[in-house]
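Hi everyone, thanks for making time this morning.

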Amino acid sequence: MLNIVVCVKAVPDPKDSCKISIDPVSKTLNRCDVSMVLNPLDKNAMEAALQLKEQYGAHITVLSMGPPQASPIVKECLALGGDQGFLLSDRAFGGADTYATAFTLASGIKKVGKPDIILCGMASSDGATEWVGPQIATFLDMPVVTMLKEIVNSAGDCWQVKTSLEDGYRLLEVDLPALFTVTRDLNEPRALSFSGIIKARKKEITVWGKEDLGVPEESLGLPGSPTIVSDMTTTDNKREVEIITGSREEMADQLLLKLVDAGAI
Amino acid sequence: MIDFTFTEEQEMFRKMAREFAENMVAPHVAKMEETGEVNDDVIRALAEAEMMALTIPEEYGGLGLGYTARMIAVEEISRISVATAMTLQVFGLGIEPILKFGNEEQKKRFLPGLANGDKLGTAAVTEPTGGSDPTGGRTVYRKDGDDYIVNGRKCFITNSHIADTITVLAKDENDPKAFCAFIIEKGMEGFKATHVEHKIGMRGCNTGELSFENCRVPKENLLGQEGKGLRVVMASIGEAGRGGMVGCALGVQAACLEASIKFATERILYGKPISRLQTIQNKLADMKIDLEAGRLLAYRAVSMHDKGEQSSNEFAVAKYFTTEAAQRAAKMAVDIHGGYGCMVEFPVTRYLRDSFVLGPSAGTSDIMKVIIARWTLT
Ligand SMILES: Cc1cc2nc3c(=O)[nH]c(=O)nc-3n(C[C@H](O)[C@H](O)[C@@H](O)COP(=O)(O)OP(=O)(O)OC[C@H]3O[C@@H](n4cnc5c(N)ncnc54)[C@H](O)[C@@H]3O)c2cc1C
Ligand SMILES: Cc1cc2nc3c(=O)[nH]c(=O)nc-3n(C[C@H](O)[C@H](O)[C@H](O)COP(=O)(O)OP(=O)(O)OC[C@H]3O[C@@H](n4cnc5c(N)ncnc54)[C@H](O)[C@@H]3O)c2cc1C
């Protein structure tokens, strides 16, 4: 039976993106009034874990670092079919950059027991650095495969997988235990179900704070973060519409010129 | 103290139902509107999402989640498609009499199939002689050995042509005060679904007529006691039936408000969005007040229902309020849209048509007032 850890992040609902603003002073995101949802790509990570469970049998641990409000996201993953949940939650974890986040998550994973497979989303929809997965792998000293798009052969301990490249794919072999960050091409995440929600009643979410992890406080949260986000701005994404007129040939010529000018072809 | 918060689990039900409606129902709405016909894919999706199993106890193949969960599901589905919510709510109405009045054998025979969607349900009371007065119906039964022979006609029946098990109210041929509720099954000799209605709204929800010509019903299909059938159907309609309509109405209210907010913030007049105009804000506020009040009435009634308390009066208030409020909301939404509110590409036109179909089912607003007045006077 495989031991799988899925790392999931609570992110502001992308549907509410118009409500998110940047605090001009602290350079942090203003998230009040915005509901938190499961990071979209983490659904693909969950789905991959569930498919492996169906295929080989697996024990799925769902792990998240975040405030207590992230608990429903973990519960949702348990309702999808995860077996146990851990929420790493402590004021001391606040203000973490990717390094401190990955360190905290890796400490959590060590305490849960080293898994055969760790699944992360390729990126979160808010921070979107794509670093947390690889950093966790580094802290745990295991191979990492980013941008997973297909598991070609998962029999045995040496997997064959395809990862996304801009113009194609890469075929890789990787020895387990390994960490994968997944893309949306990997699978179609399943929907929540009433019976899944009922089954999740019996599944526990354990909350761990800094004492539980037993790691030095200076490696956590803001003090443990070497990165400082010094500035953030919003960009105006205005689209313009231009109507081209004339005969069919004239319109085609004009369009061609415009596309060439724009560097599109 | 009263706790007005949904549990974490109920929030998850809502999320699930919302995603279901947006992903599995919304893509079919245009076709349902165009043809007016039930969509098989939607029915299958409802079954796969275990939507029919909500109120049925686990021992009969259901989920045992109760009526609040059902209200949440119906409300969320109605926000996307009132027709689908109505179809689902009446599946529940078809299940209810068997749940409440069926004997053990009947529950074992019918509920598992109704829970997994292999079988679809409905309840047929209304007749051409008038739905407000169910005792005035002309569908009759007579005994023939161990069987009953049913003759008559039912009209305006939701799921008429897709239902497999139908709770049918009939009157004793010789005693106008004695009624029986029968479970009539598709394929029984002498029973057929006849005319299909074309409605102005809730298109894609099947409504039609049923006919019984010397339809032989075995005594095993009698629900409750002989002669006490009126109670079987009225108790089911009074709570589960009205509750379902309330869920449908709340969904329309929410959809109208959402569409109005979107339009009002995007439509620019005098160099600014019309949401800055006080008159428009007034309408949005009215819709919001109605929605908040409607939800409180609805979830109060349904939490009583879940506790097993008598809740038909509370449901009458909620049904009156929410179905009337849905019509008000739809009119305001159409008004806010100006000329666009008359163009079929804009869903508010559908909400307006749908809102008018909410009224009669499970009793008109007049009848709700009759019930509510009776409540005040006793
Ligand atoms: C706008 C913005 C810009 C930022 N820029 C930087 C920056 O330049 N450098 C920097 O170090 N930090 C940055 N941060 C902070 C950083 O985003 C978060 O603090 C960090 O916790 C997670 O990084 P990420 O969201 O980029 O994750 P990613 O690396 O994009 O996330 C990939 C995957 O890692 C897993 N994961 C990530 N976070 C968690 C979690 N909390 N719990 C469980 N699993 C998780 C999930 O599986 C997720 O799909 C930024 C934050 C914001 C909002
Ligand atoms: C979409 C839809 C789905 C339906 N689904 C079902 C179903 O699945 N099963 C089912 O059995 N029925 C169903 N019905 C029928 C519905 O229950 C009846 O339409 C309703 O009860 C009203 O009956 P009626 O249409 O015969 O109107 P009538 O009873 O003829 O009423 C006509 C008018 O008189 C008013 N009125 C009647 N009595 C009083 C009174 N005492 N005081 C004041 N005013 C009064 C009414 O309010 C109404 O305005 C459905 C109807 C619709 C529109």
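Let's begin with the residues in the shell around ligand 2: by class, 11 are nonpolar, eight are polar and two are charged. Please keep in mind that this is a predicted model.

Who is in that shell? Ligand 2 is surrounded by 21 residues, and the closest include Thr126(B), Gly131(B) and Ser132(B). Thr364(B) and Asp366(B) also belong to that closest group.

Let's zoom in on some polar contacts. From Gly131(B), a polar backbone atom is 2.7 Å from an oxygen atom of ligand 2. Phe156(B) also uses its backbone: an N or O atom there lies 2.9 Å from a nitrogen atom of the ligand. With Thr158(B) we turn to a side chain, where an N or O atom is 2.7 Å from a nitrogen atom of ligand 2. On its own, ligand 2 has 970 Å² of accessible area, and the protein covers 66% of that.

Over to chain A and the other ligand. How many residues surround ligand 1? The count is 30, with Lys9(A), Asp42(A), Ala96(A), Thr101(A) and Ser124(A) as the closest. Sorting that shell by class gives 15 nonpolar, nine polar and six charged residues. In chain A, strand 6 (58–65), helix 3 (98–112) and strand 8 (117–121) each supply at least two of the shell residues.

Here are some backbone contacts to look for. A polar backbone atom of Cys7(A) is 2.7 Å from an oxygen atom of ligand 1. For Glu130(A), a backbone N or O atom lies 3.0 Å from an oxygen atom of the ligand. Trp131(A) likewise has a backbone N or O atom 3.0 Å from an oxygen atom of ligand 1. Of the 920 Å² of accessible area that ligand 1 has on its own, the protein covers 87%.

That's my tour, and I'm happy to take questions.

Note on methods. Residues are numbered from 1 along each chain as its sequence is written. Chains are lettered from A and ligands numbered from 1 in the order in which they are written. This is a predicted model: local features need pLDDT of at least 70, side-chain atom pairs count only at pLDDT 80 or more; totals for chains, interfaces and linings use all residues. Side-chain values use heavy atoms; hydrogens and water are left out. A residue is near a molecule or strand if one of its heavy atoms lies within 4 Å of it. A polar contact is a pair of N or O atoms within 3.5 Å; within protein, one must be able to donate a hydrogen and the other to accept it, and residues adjacent in sequence count only if both atoms are side-chain atoms. Accessible areas come from the Shrake-Rupley method with a 1.4 Å probe; for residues, only the protein chains shown count as cover. Ala, Val, Leu, Ile, Met, Phe, Trp, Tyr, Cys and Pro count as nonpolar, Asp, Glu, Lys and Arg as charged, and the others, Gly among them, as polar. Helices (H or I, at least four residues) and strands (E, at least two) are DSSP runs, numbered from the N terminus.
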